[in-house]
Amino acid sequence: MSGLAPGRWMARLAVIALLLALVAVAIWQFHARPAAPPGPVEVLRLAVNAEYVGSCPVLAAHGQGHFAREGIDARLQPYSSGKASMEAVLQGKADLGTVSDIPVVLASLKKQSVVIIASIFEAERDHGIVGRLDRGVSTPASLKGKRIGVTLGTSGQFTLDAFLNRQKLLPAEVTLRNYAPEQLAGALARGEIDAAAGWEPFLTGMTHAIAGKAAIFYGEDVYAGLFNVAGTDGYVRSHPATVRKVLRALIAGARFCQDEPDAARALFAKASASETARLQAAWHGYRFGVVLDQGLLLALEDEARWAIRNRLAERGTMPNFLDAVYLDGLEAVAPSAVTVIH
C-alpha cells in the first residue's frame, strides 16, 4: 500500500472506516433487539386476584415482560378471592390461579387433584376482623353473640375461627353470614352484620365504610398468610416445560416486587389514596419470593384438621399433602428454593 497516492490511501481508509461502522451498528442492533421467545408463544390463562398485594409477582412478571420473554402469552383473569380463582381452575376456565392455602386444602379433601407449583408471598398482618363499635364490638371477646360476615371456604374463615378459638369462643356462639369479599364493606355499612373477617385491601375498605365506628383486630398471631400459584394435577404434570417458564418469570417478578417497592406499588394503580398509603407503610413486612417450603406442608395439615373438625368437606381422613405440591418444576429452575422434605 505504500505505493498508493495519498488521496487514494485516504479514500481506502474512509471505506474501511465506513465498513467498520456498519459492522458495529449491525452488532449493536443484534444485541439490542429483544430476545426472541424460546419456541412458539404459548397462551396461558391465569386467574389472579389483581387487587391483592400477594399477586405482585404475577403482575410484575406480566407488566415487566418476563412472561413474554419466556414465550408465554399470559392472559390474566381478575377474581376477588383465591377461592374464586381456584374454582376457575377446577372448571377449566383458567390453567393456573393465585390462591391461598385454604382452597387447596378444601379441594384436596374433596379429592380434587390440585397442586401448588410455588408459594409467591407471605404476610402476617394481612388478615383480620373489622367490627362496629356502635354494635358493641370493641374487643375480640365482644364478638360473642355477634353476626359476622365472612367468605366461607377461604383464609378469612380460617383466620376468624382461629381468632374465636383464642378467645375461647365456640363457632356456635356467633352467627356467620356468607358474602363475597367485595360485599363485606357494604354489608357492614348497612348494619346487616356487626363485624366482618377478611383480608386486605378489603379490611381497609371496611374501616372506611364505617369511618369513626370501626375496631380492627389483626390476625398475625393466628394466621401467617401464604399466597400460591396452583393448577390441576392433570394440567401441571402434562405441561412441565410451561411450568418451568412460568416459574422463571415469577422469580423475576418477585425480585422486582422485593427490590423495587415504589415501582411495584404502582402496579396497584386502581388502589385508593388510603390503600396506597397503607401499602407503603406495610410493604416492609411483606415477603416476596418463589419457594416451596416445609412450612407450607405443615400449614396445609393444620388447616385440613380444622376443615375436618368443622365438617367443611365430606372426607374425614388427612390427605398426603406431598401429593398437593409439585416439586419438579421449582427443583429444575431454582433447587435451593425447595426445602420440602421428600
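User: Strand β8 spans residues 195–199. Is it enclosed or open, and how many of its residues are buried?

Analyst: Start from the cut-off: buried means under 20% relative accessible area. In this predicted model, five of the five residues of β8 are buried, so the strand is largely enclosed by the rest of the structure.

User: Which residues of β8 point which way?

Analyst: Read the two faces separately. Ala-195, Ala-197 and Trp-199 point one way. Ala-196 and Gly-198 point the other way. Residues on both faces are buried.

User: Which strands pair with β8, and in what sense?

Analyst: Look for bridges; two strands pair if there are at least two between them. Strand β5 (residues 127–132) pairs with β8 in the antiparallel sense, over five bridges. Strand β6 (residues 147–150) pairs with β8 in the parallel sense, over two bridges.

User: Where in β8 is the bridge partner of Val-130, and where is that of Gly-149?

Analyst: Val-130 has Ala-196 as its bridge partner. Gly-149 is also bridged to Ala-196.

User: Now a helix. Which residues of α12 (residues 273–282) are buried?

Analyst: Glu-275, Arg-278 and Leu-279.

User: Which exposed residues does the face turned away from the buried side carry?

Analyst: Exposed means over 50% relative accessible area. That face of α12 carries the exposed residues Ala-273, Gln-280 and Ala-281.

User: What covers the buried residues of α12?

Analyst: Look for contacts, meaning heavy atoms within 4.5 Å. The cover includes helices α8 (202–209) and α11 (261–265).

How values were computed. Residues are numbered from 1 along each chain as its sequence is written. This is a predicted model: local features need pLDDT of at least 70, side-chain atom pairs count only at pLDDT 80 or more; totals for chains, interfaces and linings use all residues. Side-chain values use heavy atoms; hydrogens and water are left out. Buried means under 20% relative accessible area, exposed over 50%, partly exposed in between (1.4 Å probe, protein chains only). Helices (H or I, at least four residues) and strands (E, at least two) are DSSP runs, numbered from the N terminus.
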